Amino acid sequence: MRAIQVFLPLVVAMILMAVPRASSALSGLRVELTHVDSNGNFSKFLLLQRAALRSSRRMARLTTRAMKAAASANEVQAPVHAGDGEFLMDLAIGTPSLAFPAIIDTGSDLIWTQCKPCDECFSQPTPVFDPSTSSTYTNLPCSSNLCQALPTFTCGASSCEYLYSYGDSSSTQGVLASETFTFGTENSTAVSDVAFGCGDTNQGSGFSQGSGLVGLGRGPLSLISQLDLGKFSYCLTSLDDSKKSPLLFGSLADLTASAAASEIQSTPLVQNPKHPALYYLSLKDISVGGNRLQIPSSTFAVQEDGSGGLIIDSGTSITYLEVGAYRRLKKEFLSQMQLPVADGSEIGLDLCFLAPSASSSVEVPKLVFHFDGADLHLPAENYMIMDSSDGSLCLTIMPSSGLSILGNFQQQNLQILYDLKSKMLSFVPTQCDQL
């Protein structure tokens, strides 16, 4: 066991720096992440509350069932995707280009932004994109492969019309189009013919931090698939670190650049046919303080109806575990921690302890997640957080039902590689501020 360190929950904004293209094929991109709440002058307590609330909303979106298929051709099905992510990417769209920040979401595929004329749009931090002013804008027809890849679409007179819903009445609706996207401010890279949703009817409280969304999921509509880069990695710095966190695409996403091959662990990416955009992992068991919890093998398995399983997600701060597994985890922490229990309901967390003093160092049980072929040994700062105002020490893991999530708080100072072609996820402990 080791002494914990105090950190804050993670929400970040992305500033893109592109690698110049040596040929017509894009080889790699580098993105840097900064904390989205860094200019808000929030206390540690309030930052934790904000992250827990965002995580709760996102969990609700991820676990809401998709509506049944409509009987009429005039009705549409509204599948569930993630949305309300915690990362923003700065990019530009059109010719001439219009800069805008977009939420990054590893839990969905569609790239979209709000478009004029807006029938119903949420307030956004930048001007709304006007397709009539761009010389490179084109509506995509229903016959296009990417239109056919949409979970829900209807055919207009000369366009593919979509509805993309996020499970809590948040949605975007409009026309699927293609446009030139520009990445980076220095050595900028323009990529033509990127398919995106030009949304004129959009609603949802979780979207207003950006001006749209960029899906990084596993489907053909996502940015990673359309750029055909095959893989991406990110490395999240510690939350008290002022340095930015890198997100790397394509040829730049190689873990061996920062670690020896022998130190890298890999586990298969599991496919869930009901939710193909999400990155599922096979979690076998969990250890607390060296004690295996002996969680039944079916606890984290994907069920025939698409429920269950565990995903790794960039847009959820805290980790959620199926309630049966969480109860075993909680019982073990209660047994091993030599501290009185505190109330964490105001923060939005379930299990908290009262430390002897806010400035004291407290040893906590070692936490290990045992995946298929890989063991993730978490440092204490990746699963415990202290509120210095009252000395409460809280576990950043919560119970769930129907889906488990490995959140980004648990992913700090790990370089994590998503390899879509080999269908593997790899990770290695890394000092992320040195990448």
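**Close-up views of the predicted model**

**View A. The disulfide of C147 and C160.** The link of C147 and C160 is right-handed, with 85° about the S-S bond. The pair connects distant parts of the chain, since C147 belongs to helix 2 (residues 145–149) and C160 to strand 9 (residues 160–165), 13 residues apart; helices (H or I, at least four residues) and strands (E, at least two) are DSSP runs, numbered from the N terminus. The sulfur atoms are 2.1 Å from each other, a disulfide being a pair of cysteine sulfur atoms within 2.5 Å. C147 is buried, with a relative accessible area of 0%, and C160 likewise counts as buried at 0%; buried means under 20% relative accessible area, exposed over 50%, and partly exposed in between (1.4 Å probe, protein chains only). This is a predicted model, in which local features need pLDDT of at least 70 and side-chain atom pairs count only at pLDDT 80 or more, whereas totals for chains, interfaces and linings use all residues. Residues are numbered from 1 along each chain as its sequence is written, and side-chain values use heavy atoms, with hydrogens and water left out.

**View B. Two further disulfides, C115 to C198 and C118 to C121.** A search of the whole structure finds 6 disulfides, and, when the bonded cysteines are numbered in sequence order, their pairing reads 1-8, 2-3, 4-6, 5-7, 9-12, 10-11. C115 is joined to C198 with an S to S distance of 2.0 Å, and this link is left-handed, with -120° about the S-S bond. It bridges distant parts of the chain: C115 sits in the loop between strand 6 (112–114) and strand 7 (138–139), while C198 is in strand 11 (residues 189–203), 83 residues apart. Both C115 and C198 are buried. The sulfur atoms of C118 and C121 are 1.9 Å apart, and the link of C118 and C121 is left-handed too, with -70° about the S-S bond. C118 is partly exposed at 31% relative accessibility, as is C121 at 30%.

View C. Strand 17 (residues 283–288) is joined to strand 18 by 2 bridges, with S287 opposite R292 and V288 opposite N291. These two strands form a hairpin with 2 residues between them, and G289 in the turn has a positive phi of about 60°. Towards strand 24, strand 17 makes 5 bridges, among them the one that partners L283 with F371. Because 5 of its 6 residues are buried, strand 17 is largely enclosed by the rest of the structure.

View D. Leaving aside neighbours within four places in sequence, I286 is in contact with residues including L293, F300, L321, L329, L367 and F369, contact meaning heavy atoms within 4.5 Å.

**View E. The hairpin of strand 4 and strand 5.** Strand 4 (residues 87–93) and strand 5 run antiparallel and are joined by 7 bridges, with F87 opposite I104. The hairpin has 4 residues between the strands, and G94 takes a positive phi near 90°. Strand 5 also pairs in the parallel sense with strand 12 (residues 212–215), over 3 bridges, where D105 stands opposite G215. Since 6 of the 8 residues of strand 5 (residues 98–105) are buried, this strand is largely enclosed by the rest of the structure.

Methods. Two strands pair if DSSP finds at least two bridges between them.
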